[in-house]
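Subject: Structure handover

Hello,

Here is the structure I promised you. Please open it and keep it beside this email as you read.

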Amino acid sequence: MRVEDLDEVLEIERASFSMPWSRGAFTYEIERNRVARCWVMREESRVAGYLCLWEVADELHITNVAVHPAYRRRGIAREMLAAVLEDAVRRSLSVVGLEVRPTNEEARALYESFGFRVVGRRRGYYYDTGEDALIMEARLPAAVPARPGREH
Ligand SMILES: CC(C)(COP(=O)(O)OP(=O)(O)OC[C@H]1O[C@@H](n2cnc3c(N)ncnc32)[C@H](O)[C@@H]1OP(=O)(O)O)[C@@H](O)C(=O)NCCC(=O)NCCS
């Protein structure tokens, strides 16, 4: 992800979340935060989705993932997450974590299909609704299945 991508990224972000990240938040992650990395996935040269994470010691924390509403259910999030997890396994990282709203069925199904399990809860984490966050975690490499849908 580059600063030049942010108009497209912010359009997806605002269509995807009730508490969207600001341009400043993405800019900080791209330019300043040394533990952060962000990628975009393109379809026909347009940004179709993106994923951001922090890497600290041997752990990854996924901080943001979204796909443009017009491009959902085509395997884009799956492909981005698979690439991140495969790289994490290759580099012997130990665990990948994230927070998700209990009501976010599509995201939970996505994470569960990669071996993520609910390991805890942060009370009142989402201040717009007061919802708790579920903490999901995948221990590497054991929890991560081969990329679903791929032949071996
Ligand atoms: C969650 C999100 C990133 C999924 O992106 P996507 O590119 O549409 O997902 P994929 O096509 O790669 O789907 C992968 C798997 O996720 C699950 N999934 C995705 N959308 C789903 C839906 N609408 N209902 C149920 N399961 C769904 C399924 O397990 C799916 O596998 P399948 O298609 O083989 O059944 C997308 O819905 C999104 O941007 N949502 C808004 C932002 C958000 O909630 N981000 C996560 C914050 S924790």
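First, the ground rules. This is a predicted model, where local features need pLDDT of at least 70, side-chain atom pairs count only at pLDDT 80 or more, and totals for chains, interfaces and linings use all residues. Residues are numbered from 1 along each chain as its sequence is written, and side-chain values use heavy atoms, with hydrogens and water left out.

**Helix pairs**

Helices (H or I, at least four residues) and strands (E, at least two) are DSSP runs, numbered from the N terminus. Axes are lines fitted to C-alpha atoms, for helices over the stretch in contact, and angles run from 0 to 180 degrees between N-to-C directions.

Start with α1 (residues 6-16) and α2 (residues 23-31). Their axes are 10 Å apart, and the packing angle is about 125°. That makes α1 oblique to α2. (Under 35 degrees counts as roughly parallel, over 145 as roughly antiparallel, 65 to 115 as roughly perpendicular, and the rest as oblique.) The crossing of α1 and α2 is right-handed: the near helix is turned clockwise from the far one by less than a right angle. From α1, the contact (heavy atoms within 4.5 Å) uses Leu6, Asp7, Val9, Leu10 and Glu13. From α2 come Arg23, Phe26, Thr27 and Ile30. By class, this contact has 5 nonpolar, 1 polar and 3 charged residues. (Ala, Val, Leu, Ile, Met, Phe, Trp, Tyr, Cys and Pro count as nonpolar, Asp, Glu, Lys and Arg as charged, and the others, Gly among them, as polar.)

Now α3 (residues 76-90) and α4 (residues 105-113). Their axes come within 11 Å and cross at roughly 40°. The two are therefore oblique to each other. This crossing is right-handed. Ala77, Arg78 and Leu81 of α3 meet Leu110, Tyr111 and Ser113 of α4. That contact divides into 4 nonpolar, 1 polar and 1 charged.

**The ligand**

How many residues surround the ligand? There are 20 (each with a heavy atom within 4 Å of the ligand), and the closest are Val65, Arg73, Gly75, Arg78 and Asn104.

- Valine 67: a backbone N or O atom, 2.8 Å.
- Alanine 77: a polar backbone atom, 3.0 Å.
- Asparagine 104: a polar side-chain atom, 2.7 Å.

**Backbone details**

Most residues other than glycine have a negative phi, and most peptide bonds are trans. Serine 45 has a positive phi, near 70°. Serine 45 sits in the loop between β1 (36-43) and β2 (46-56). The peptide bond from leucine 140 to proline 141 is cis, with omega near -5°. Proline 141 lies in the segment after β6 (131-139).

Best wishes

Methods. A polar contact is a pair of N or O atoms within 3.5 Å; within protein, one must be able to donate a hydrogen and the other to accept it, and residues adjacent in sequence count only if both atoms are side-chain atoms.
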